[in-house]
Amino acid sequence: AVFVHKDDNGKIIGAEIQGTSSFQRYKGVAAGTSDSVFAVKIGEPKKCYVFESAIDLLSFKQLANQEKINNSVLVSMAGLKPNSIKKLAESGMKMYSCVDNDEAGIKFTESNNLTACRKILEDHGVKDYNDLLKSLTPQSQQKTQTAPQKNTHSHR
């Protein structure tokens, strides 16, 4: 799967690439991709949800309460790349870290002073939003709403 990165004018400036075969796993970025991101804008963004991969971003979007993510931008960094979200962070948007619920993700969230969105991952015992989506039945997907909690800075 190829997730195209575009600038504000719609010009292609990079891409995130992810293999979909469980036999041969591949993740990376296309040649020439620098600090650009794959992003999905919803309304007029006032908040930003940050992910390690486009697959996690799309899984979160599928699970999310659409009203709660209205007026936001969902961003995949294709890894843990703080430089790729620097411009967004400096814009004054509220920043939510939806990276993997592992040691590296927790460290990234804390060191970049982001609000964590991992409580639902912890509650379901999964690493990321794609694992959460895969673990849910179609009926439970409709009941699950992903959004940051009021007290989102949990440490485990």
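Visitor: Which residues lie nearest the centre of the largest pocket, and how many residues line this pocket?

Guide: In this predicted model, the lining of the largest pocket has 23 residues, and Lys6, Asp8, Val37, Ala39 and Leu88 lie nearest its centre. Two or more lining residues come from each of β1 (2-6), β4 (38-42), β6 (72-76) and α2 (86-90). The element that gives the most is β4, with 4 residues. The volume of the largest pocket is about 630 Å³.

Visitor: What makes up the lining of the largest pocket by class?

Guide: The lining has 11 nonpolar, 5 polar and 7 charged residues.

Visitor: How many disulfides does the structure hold, and where is the nearest cysteine sulfur to Cys48?

Guide: The structure holds 0 disulfides. For Cys48, the nearest cysteine sulfur is that of Cys98, 8.7 Å away.

Visitor: Why is Cys48 called buried?

Guide: The word applies to a residue with under 20% relative accessible area. Cys48 has a relative accessible area of 0%, so Cys48 is buried.

Visitor: What of Cys98: does it count as buried or exposed?

Guide: Cys98 has 2% relative accessibility. This value is under 20%, and therefore Cys98 also counts as buried.

Definitions and conventions: Residues are numbered from 1 along each chain as its sequence is written. This is a predicted model: local features need pLDDT of at least 70, side-chain atom pairs count only at pLDDT 80 or more; totals for chains, interfaces and linings use all residues. Side-chain values use heavy atoms; hydrogens and water are left out. On a 1 Å grid over the protein atoms alone, a cavity is a set of points where a 1.4 Å probe fits but cannot get out, and a pocket is an open set with protein on both sides within 12 Å along at least five of seven lines; lining residues have an atom within 4 Å of a point. Grid points are joined across faces, edges and corners, and a volume is the space filled by probe spheres set on the points. Ala, Val, Leu, Ile, Met, Phe, Trp, Tyr, Cys and Pro count as nonpolar, Asp, Glu, Lys and Arg as charged, and the others, Gly among them, as polar. A disulfide is a pair of cysteine sulfur atoms within 2.5 Å. Buried means under 20% relative accessible area, exposed over 50%, partly exposed in between (1.4 Å probe, protein chains only).
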